[in-house]
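Work through the exercises below with the sequence and the model at hand. Each task is followed by a stepwise solution.

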Amino acid sequence: MEDLKTFDDLMDKANKWELYGKLVGQLNKDLALANVDLEFDSEVLPTSLRLLLHEEVYRLIQHKFMEYLNLLYIVDVSEEEIKQLDGNDALQLSENVTLLILKREWQKVYYRNKFSS
């Protein structure tokens, strides 16, 4: 699987493979497992998905850090990728983490789809 650099790259792939709905479903599943009070409608626009997830990640970093760490664990975001991020600006950090979360969720959906056929 090629490396997806941006949110737009990720959405292009999800739409090309017609897996955007499954991506949203996987994200909802992991948010629920992490006890994060956020659920997306299956028809949510990609821009809204990114914005709302970004806001929630920012809130978790600022106010509920243990829940933030739990979310990263549940989603299975690479610890190495997190360590590479600059943590000095919480807003930028939360934006980068949001992309990492969505990329990891995409991997789960993509591989499940690829190998279940």
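A contact means heavy atoms within 4.5 Å. The model is predicted: local features need pLDDT of at least 70, side-chain atom pairs count only at pLDDT 80 or more, and totals for chains, interfaces and linings use all residues. Residues are numbered from 1 along each chain as its sequence is written, and side-chain values use heavy atoms, with hydrogens and water left out.

**Exercise 1.** Find which residues Ile 101 touches, not counting residues up to four places away in sequence, and describe the largest nonpolar core.

Step 1. Ile 101 touches Leu 27, Leu 53, Val 57, Leu 71, Leu 72, Val 75 and Val 77 under that exclusion.

Step 2. A nonpolar core is a set of buried Ala, Val, Leu, Ile, Met, Phe, Trp, Tyr and Cys residues joined through side-chain atoms within 4.5 Å. Buried means under 20% relative accessible area, exposed over 50%, and partly exposed in between (1.4 Å probe, protein chains only).

Step 3. The largest such core has 36 residues, and Phe 40, Leu 53 and Ile 101 have the most contacts inside it. Among the helices that each supply at least two residues of this core are H1 (7-16), H2 (20-33) and H3 (46-63). H6 gives the largest share, 10 residues. Helices are DSSP runs (H or I, at least four residues), numbered from the N terminus.

**Exercise 2.** Classify the ring pair of Trp 17 and Tyr 110.

Step 1. Rings of Phe, Tyr and Trp (its six-membered ring) pair if their centres lie within 6.5 Å; planes under 30 degrees apart count as stacked, over 60 as edge-to-face and the rest as tilted. The whole structure holds 5 aromatic pairs.

Step 2. The centres of Trp 17 and Tyr 110 are 5.4 Å apart and the planes stand at 90°, so this pair is edge-to-face.

Step 3. Trp 17 is in the loop between H1 and H2 and Tyr 110 in helix H6, 93 residues apart, so the pair links distant parts of the chain.

Step 4. Trp 17 is partly exposed because its relative accessibility is 39%; Tyr 110, at 12%, is buried.
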